[in-house]
Amino acid sequence: MKKILKSSILAVAGLVLAINANAKTIENGVLKIATEGTYSPYSYHDKSDKLTGFDVDIAREVAKKLNLKPEFVEAPWDAMLAAFDANKADIVFNQVSITEDRKKKYDYTLPYTVAYAALVTRKDNDDIKNFADLKGKKSAHSATSNWAGIAQKYGAQIVTVDGFSKGVELIIAKRADATINDTVTFYDYIAQRPNAPLKIAAKGSEPIYSAALVKKGNEELVNAVNKAIDELSKEGKLSEISVKYFGKDITK
């Protein structure tokens, strides 16, 4: 019996080492995860100041699958990517949309979110009714976000801010005309601030997929995280986390 138990322990230990060996990280045994920490409901601090959110929960589950200790590196969007580029983190879990431009610089894991773009304005704004109406208007965004890229595509002037909340604050104050983000983020914001004078002026028709961001060429980590995400999906864990935050499954 002792021999069997010893063999089992050695087998499990070997499996753990194999998994960790296939997940190349900056620090052995630790998965350093870059995230904003101010992007509700994906990455934010609750009333007890604990870091939580949809992406944060998924990141923790992935780290658990990889037998790595999750360690979060928090910063506003642009600073977060700068920290990631400077090797302060192994991976980014922060609703990073998959774009062709980012693919040139980074590798993506399997997507774990499907969303649609929402063009947000003040309720009393009748000048912007669709994305084409952004031409010449001020749209508030993090400088390097894919949402800023969409706004620029339609001819908007970008007003740089740190995240969605700061962007809508400018809209409410009439210092910006609009912003673009996903519909889930907007509805979460309104649920917490039902009197905010904001509306969705238009919605995108094309699905936008989000995934974790990994350094270019780190195939070991990409493959290990992909395996973890696939397992979490098959086990129903991704759906469970989604329903916890949104009341529905946004992972498919």
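Reader: Let's start with salt bridges. Which residues are linked in a network of salt bridges?

Author: Side chains of opposite charge can pair when their charged atoms come close. In this predicted model, Lys65, Lys227, Glu231 and Glu235 are linked in such a network. One of the pairs is Lys227 with Glu231, whose closest N and O atoms are 2.6 Å apart.

Reader: Where do Lys227 and Glu231 sit, and how far apart are they in helical turns?

Author: Both belong to helix α8, residues 219-234, and because they are four residues apart there, about one helical turn separates them. Lys227 is exposed, at a relative accessible area of 53%, whereas Glu231 is partly exposed, at 25%.

Reader: Which residue forms a salt bridge with Asp230?

Author: That's Lys234, with 3.1 Å between the closest N and O atoms. Asp230 and Lys234 also both lie in α8, four residues apart, again about one turn of the helix. Asp230 is partly exposed, at 32% relative accessibility, and Lys234 is exposed, at 67%.

Reader: And how many salt bridges does the structure hold?

Author: The count is 13. Another one to look up is Glu100 with Lys103, where the closest N and O atoms are 3.4 Å apart. This pair lies in helix α4, residues 100-105, with three residues of spacing, about one turn of the helix. Glu100 is exposed, with a relative accessible area of 56%, while Lys103 is partly exposed, with 36%.

Reader: Now helix packing. At what angle do α2 and α8 pack?

Author: When you look at two packed helices, check the angle, then the residues that meet. The angle here is about 110°, and the axes are 9 Å apart. An angle of 65 to 115 degrees counts as roughly perpendicular, so that is how α2 and α8 lie to each other. Their crossing is right-handed.

Reader: Which residues meet there?

Author: From α2 you have Glu61, Val62 and Lys65, and from α8 there are Val225, Ala228, Ile229, Glu231 and Leu232. Sort the residues of this contact by type and you get five nonpolar, no polar and three charged.

Reader: What about α2 and α9: at what angle do they pack?

Author: Helix α2, residues 54-65, and helix α9, residues 237-246, pack at about 155°, with their axes 10 Å apart. Angles over 145 degrees count as roughly antiparallel, so α2 and α9 fall into that class. This crossing is right-handed too. On the α2 side, the contact is made by Phe54, Asp57, Ile58 and Glu61. On the α9 side, Lys237, Leu238, Ile241, Ser242, Lys244, Tyr245 and Phe246 take part. The contact residues of α2 with α9 come out as six nonpolar, one polar and four charged.

Reader: How would I read single residues? Is Ser210 buried or exposed?

Author: Look at the accessibility, then the contacts. At 3% relative accessibility, Ser210 is buried. It sits in strand β12, residues 208-215. Apart from neighbours within four places in sequence, Ser210 touches Gln95, Val96, Ser97, Pro111, Tyr112 and Thr113.

Reader: And where is Ala79 found?

Author: Ala79 is in helix α3, residues 77-85. Its relative accessibility is 38%, so it counts as partly exposed. Now compare sequence with space: Ala79 and Glu36 are 43 residues apart along the chain, and their C-alpha atoms are separated by 9.0 Å.

Technical notes. Residues numbered from 1 in each chain as written. Predicted model: local features only at pLDDT ≥ 70, side-chain atom pairs only at ≥ 80, totals over all residues. Heavy atoms only, no water. Buried < 20%, exposed > 50% of the residue type's maximum accessible area, 1.4 Å probe, protein only. Contact = heavy atoms within 4.5 Å. Axes fitted to C-alpha atoms, helices over the stretch in contact; angles between N-to-C directions. Parallel < 35°, antiparallel > 145°, perpendicular 65-115°, else oblique. Left-handed = near helix turned anticlockwise from the far one by under 90°. Nonpolar A, V, L, I, M, F, W, Y, C, P; charged D, E, K, R; others polar. Salt bridge = Lys/Arg side-chain N within 4 Å of Asp/Glu carboxyl O.
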